[in-house]
Amino acid sequence: MEEEIQKMKEIGLIYLDRSGGLQKFMHDCKKYNDSKQSYAVYRFVISINPSDIAELDATLGNYILHNPIKAAEIFQSVCFVAIKTLSLIEQLQTEAQISILLKPTHLPPLPSYVLSLSAFPFNYTSHRFYMSEGIVIAMGIVTKYTQGARFLCTEETCPFSEGFRYIRVHLPGATESATVRNDFVCSLCSSPLQEDMKFRVLGDKQIVEMIDAKVLNALKGYSNNKSHFRIQAFTVFLRDELANRMTIGNHYKIIGIPTCVQNGPQATACIEVSSVQLCKPNGPSFIGENFKYLLSLTSNSCWRFTAMLANIFASQVVPPGTYNTLKLAVLLSLVQTCEKESADYLDLLVVTSDTLVIDRLLNYSICLLPRGIRHPSSSDIFPSVSKDKHGTGSASIQAGSVLLAKGGICYIGDLSTYKKDKLELLQSVLESRTTTLFIPGKKYGEEADQQVTIPVQTNFWSYVDVDSSSKKHTLKDSFLIGQMDLSLLPPNLLDGFGLLLYDEFPSCRLSFPLVHHVLKKAINPEATLYRVSQQFRTQDYEEFILFAKNLHVEMSSEAENLIQGYYLASRRVRRDSMHGSNLSASALKLLISLSKAHTKLSLRKKVLEEDALIAILLLESSLTLKHGKSALCIEPNALFPFDLSNENSLHQRDIYLQKCHHHLLKFISAYGPGGHVNTNEE
């Protein structure tokens, strides 16, 4: 056995030399030596590639994977000999003063190395490396823990009453009391040991709660997946250089050693992390053949493809040809989702009297994204602060629905059910795209108060029930043509949402298809009622949206000029003497976001005037609902004036939109500053 251990030490030294780890180790030693200060513990982090080690020596490779604490002892001995041989740290006295942390670069891609708390059994007694992944749902503030401590014998005549014989070092899964206690005794004279407080070494510690990514499926509220699974959060310990390496709401892959921490009568499963890697979702590099065929059929127009997409979208929950404007806006919002802080957000607020159908449609739509979250009323929308449940008493930030929906959609349901304080907080988040938490230091055992600002990177969807208040929301023809009474909601909140959509459906002409659909689905929920539901399945739309949202698009000068001309003209037209312009500065961002979204949905990479026109018509419809008609005076159903039943109806829509474009140019020419738009008529 001694020969085997000696051989592994030699292999460990060879590996450090070949991998460049020895150079890093010597550099770390130089920093300790230059400080001229004696430490109880000298800590070194060694990056290990298990594949390379296994090629050099299978036994050492097996130790690293399945007995990492023993493997760390082998590298501890190697490092001690190197320090003494090369005189790297003059202050070092004993091998026990060296603390080695092994960080594997990866683990074998085998099921036995994957740890999941949604599967049994949970093997936390093996003390070996596992890899796991999940989403951060709670995060504590950084606190201190004892990396190592020096103990001395209390008997003055004992040889161990001085020197560095008794060194306690933190091991994975160990609590503070396991490292530092007052019941240790001398192995030579059995006298009590006492800690030399001058040599206590402190490190940073952060407690994080993670949960399996499968939880996102459970929070969507609607799913075709009928399988059942168990979901349990697990605790992650980030220490020293890994503290603050995670961001709440992000998806990470971790490598660490699982263990069980006892906190009074409760035992908590946790993982001591050695490496952290951010998981970035990879969108599909393809779209379905039926979408490609539809794109080729509609290639002679910049408007037809997206019109057909909206027309047939969500045929599982509403009949094709109904709610086309709303469905187009939903698709635009779906493709305009990403995790960048400077993203173009596209929030939707729907005004409707048919809340059941609208709720089904929006619920179905969020399931097309990996991060589509339906906010449950029993939890918080935004992050909150609570006491850490692991006995530290420190503050822990809990992720609300909005952070779980990072890079996706947060669907918050009926806006009229929320109280004033929640609506004010929502308005603040919509305006700043951040949420701020105040952490009182006195309450959570800290010396000073803290303020944490967290970016909010998600689109918000909501609806308002026009019958939810005794004060009905009706068209106020006596006031301004087209304007709705939305006095139930604060005006700034309406502006924060950006796009306001009014569901005028069902009309007498279209009510029968919807009633027929609802009754058929009630009798047989699994029935496929339309051929397009088979040709364009939910999975096909998922792949299409993930592909389209990852397209990088650029604005053309023509589209920019059209948007700028409309924006400036509308600011002049929509103005009153008391409040100034009704068009906020955020409207320009919204126009750009809508234009880019329509370009992505069209599977193009350059924003054209045709995309800008769709964006302008959507915004003008929204402004009409808020403030009434303007001099532009668009139709009530500006985007879909005809039923899209055949190719002729698509042609008629193209002609209508071309007329809208011409009418828009005249509007800009009359009310804009001029010089921005080419008004040459065809």
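Student: How many helices and strands does the secondary structure of the protein chain come to?

Tutor: This is a predicted model. Both kinds of element occur in its protein chain. The count is 21 helices and 23 strands.

Student: What share of the residues in the protein chain is buried?

Tutor: A residue counts as buried when its relative accessible area is under 20%. The protein chain has 682 residues. Of these, the buried share is 52%.

Student: Among contacts between residues at least 6 apart in sequence, what percentage join residues at least 24 apart?

Tutor: A contact here needs heavy atoms within 4.5 Å. Take the pairs in the protein chain that are at least 6 apart in sequence. Those at least 24 apart make up 73%.

Student: Which residues are closest to the centre of the largest pocket?

Tutor: The largest pocket holds about 960 Å³ of space. It is lined by 31 residues. The closest to its centre are Thr 337, Cys 338, Glu 339, Lys 549 and Asn 550.

Student: How do the residues of that lining divide into nonpolar, polar and charged?

Tutor: Helices α17 (538-549) and α19 (586-601) each supply at least two residues of the lining. By class, the lining of the largest pocket divides into twelve nonpolar, ten polar and nine charged.

Student: Is Glu 209 buried or exposed?

Tutor: Glu 209 is found in strand β7 (residues 201-211). Its relative accessible area is 9%. The cut-off is under 20%, so Glu 209 is buried.

Student: With which side chain does the side chain of Glu 209 make a polar contact?

Tutor: A polar contact pairs N or O atoms within 3.5 Å. For the side chain of Glu 209, the distance is 3.0 Å. The partner is the side chain of Thr 235.

Notes: Residues are numbered from 1 along each chain as its sequence is written. This is a predicted model: local features need pLDDT of at least 70, side-chain atom pairs count only at pLDDT 80 or more; totals for chains, interfaces and linings use all residues. Side-chain values use heavy atoms; hydrogens and water are left out. Helices (H or I, at least four residues) and strands (E, at least two) are DSSP runs, numbered from the N terminus. Buried means under 20% relative accessible area, exposed over 50%, partly exposed in between (1.4 Å probe, protein chains only). On a 1 Å grid over the protein atoms alone, a cavity is a set of points where a 1.4 Å probe fits but cannot get out, and a pocket is an open set with protein on both sides within 12 Å along at least five of seven lines; lining residues have an atom within 4 Å of a point. Grid points are joined across faces, edges and corners, and a volume is the space filled by probe spheres set on the points. Ala, Val, Leu, Ile, Met, Phe, Trp, Tyr, Cys and Pro count as nonpolar, Asp, Glu, Lys and Arg as charged, and the others, Gly among them, as polar. A polar contact is a pair of N or O atoms within 3.5 Å; within protein, one must be able to donate a hydrogen and the other to accept it, and residues adjacent in sequence count only if both atoms are side-chain atoms.
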